[in-house]
Amino acid sequence: MASSKGIRNFLKRHLLLLMILLAMIIGISLGIGLRSLDPPMSKREQMYLKYPGELLMRMLKLLILPLIMSSLIAGLATLDSKATGKLGGRAILYYMSTTLIAVILGIILVVGIRPGGDGTKDTIRDGTAKLAHPADAFLDLIRNLFPPNIMESCFRHTTTTYPDVPVKNTGQVDTNNTTNETKTSTMPMTTMNMTKSTNPATKKPAKNYDNFSVGMKDGMNVLGIVLFSIVFGIIISRLEKKMADTLINVFVALNEAIMRMVALVIWYSPIGILFLVAERVVSMENIEEVVEKLGMYAITVLAGLAIHGMIILPLIYLIFVRKNPFVFIGGVLQALITALGTSSSSATLPVTISCLEGNNGIDKRITRFVLPVGATINMDGTALYEAVAAIFIAQMNGIDLDFGQIIAVSITATAASIGAAGVPQAGLVTMVIVLSAVGLPLEDVTLIIAIDWFLDRFRTMVNVLGDSIGAGVVAHFSQDDLDEMDGDDVIDDISVQLEAPAIYKKVNSISNGNTNGAYSPADDDTKM
């Protein structure tokens, strides 16, 4: 009886997690089975297959904006300015340190394993690469921190584009095009379907970065919303108490309501994840060729992510918190599997907050500040991937990067990961920045697109794990500050309670003969 009761309790506690795991397994099996259909599924049929998963992504994305704003504002408004500064400093120090460690680990692995060999560029290309100048990417990052319209930032962000620059056929050989290939351009996205050319006078379109345009593009400006929410929450915490309490109550109530909506969406997540995974498996093309050409590259990235996620991050937690890190990780396992299924750290944010607060007991004031910021700027997995991919592309081109160029890769991969939105395959966009920094061909990012969708899911898991471990570490070091704040709140509440009852007055023990200093009703209040 005891064992059956224990099993029931285990199933009750972990039912949702088991359902998500089962959904992943069924999704993979269903996808493999549907690949064998003859004729294969059409794009419309694949769209129907993905539809339940698309609804899940829409639900999660629907909650991102109100969750980020309400959690940041409510969390910071309830902290005093001293605690906010300490909390933010600890979080930023953790983010920068772990991201840099991830980059260094990736560089060590890719230099040691050499998945790109000695310059055999005989591999498949797929997709497109977006032109981006490193300086423009950095300036766009700063521009997005300060949106001109907070309402517009909910659905649009600033970006620099480069209109098409026609190049005349001069009859001269392009000495920079060592592969003697032509590329067709549909700016601002440059199509990289490659065709061999026998005409040496054919020249690819020039990348004229002086011909640029700064404008708005569809997509939420998460950085601007996060900065606005942080400043707004801090300002509320410094308002007069009566004014502040009204706003705080509004955002705390809003945050609680959003979290209850999250709980409803989470129960639908197994169904959505099942069909997302199944459609992704069905839509894969040339699996054998991808594995053959990019197998070592994928192994290098996965090895780096495994070492960082299973050794380095748990070790950081063990050293600083002095608790079993794998028990802590077990508490966020549901969020990690959701990240694997959705491939989006922002979409996983509601689940991560729920897991840390419900399973690991992390204070709400920590999770609702650290996690939204972390989901925006803390991208350990993305930084590691970008470092590995850049050096892999150099190896494929037969280029040996010197020490200075490797340092440049480290710095730009760290910085670019901060600007990577928490959406699927955002790392491919920032990858162009890293390639530009060391002078590698931008179009060669298409060498890795064929397998990026697969690796993206695992680096998203590491991103979410890094955010979660960070919340645990920051919570540990901030516990004294939170206890001190709680003590101050208790004192304030007692003071308010002592001052509030206007109908009572303290009776002088000499005049009334009361020696215990008790309170008695005021004279006016006893009159009928």
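A crossing of two helices is called left-handed if the near helix is turned anticlockwise from the far one by less than a right angle, and right-handed if clockwise. Keep that in mind as we walk through this predicted model, where local features need pLDDT of at least 70, side-chain atom pairs count only at pLDDT 80 or more, and totals for chains, interfaces and linings use all residues. Residues are numbered from 1 along each chain as its sequence is written, and side-chain values use heavy atoms, with hydrogens and water left out.

Let's start with α6 and α9. Helices here are DSSP runs (H or I, at least four residues), strands are E runs of at least two, and both are numbered from the N terminus. Helix α6 (residues 241-283) and α9 have axes that come within 9 Å and cross at roughly 35°, and this crossing is left-handed. Axes are lines fitted to C-alpha atoms, for helices over the stretch in contact, and angles run from 0 to 180 degrees between N-to-C directions. On the α6 side, Ile266, Ile273 and Leu276 meet Gln334, Ile337, Thr338, Gly341 and Thr342 of α9, where contact means heavy atoms within 4.5 Å. Sorted by class, that contact has four nonpolar, four polar and no charged residues. Ala, Val, Leu, Ile, Met, Phe, Trp, Tyr, Cys and Pro count as nonpolar, Asp, Glu, Lys and Arg as charged, and the others, Gly among them, as polar.

Stay with α9 (residues 333-342) and look at its other partner here, α10 (residues 345-358): their axes come within 8 Å and cross at roughly 170°. That makes α9 and α10 roughly antiparallel; the label applies over 145 degrees, while under 35 counts as roughly parallel, 65 to 115 as roughly perpendicular and the rest as oblique. Gln334, Ala335, Thr338, Ala339 and Thr342 of α9 touch Thr348, Val351, Thr352 and Cys355 of α10. This contact has four nonpolar, five polar and no charged residues.

Now for α2 and α5. Helix α2 (residues 43-77) packs against helix α5 (residues 222-237) at about 30°, with the axes 7 Å apart, so the two are roughly parallel. Their crossing is right-handed. Among the α2 residues involved are Leu65, Ile68 and Leu72, and the α5 residues include Val222, Ile225 and Phe232. By class, 15 residues of this contact are nonpolar, three are polar and none is charged.

Pro39 sits in the loop between α1 (2-35) and α2, and a cis peptide bond with omega of about 5° joins Asp38 to Pro39. Another spot is Arg114, which follows α3 and lies in the loop between α3 and β1 (128-130). Arg114 is not a glycine, yet its phi is positive, about 50°. Most residues other than glycine have a negative phi, and most peptide bonds are trans.

Finally, the rings: the structure holds seven aromatic pairs. One of them, Tyr317 with Phe328, is tilted, at 4.7 Å centre to centre and 35° between the planes. Rings of Phe, Tyr and Trp (its six-membered ring) pair if their centres lie within 6.5 Å, and planes under 30 degrees apart count as stacked, over 60 as edge-to-face and the rest as tilted.
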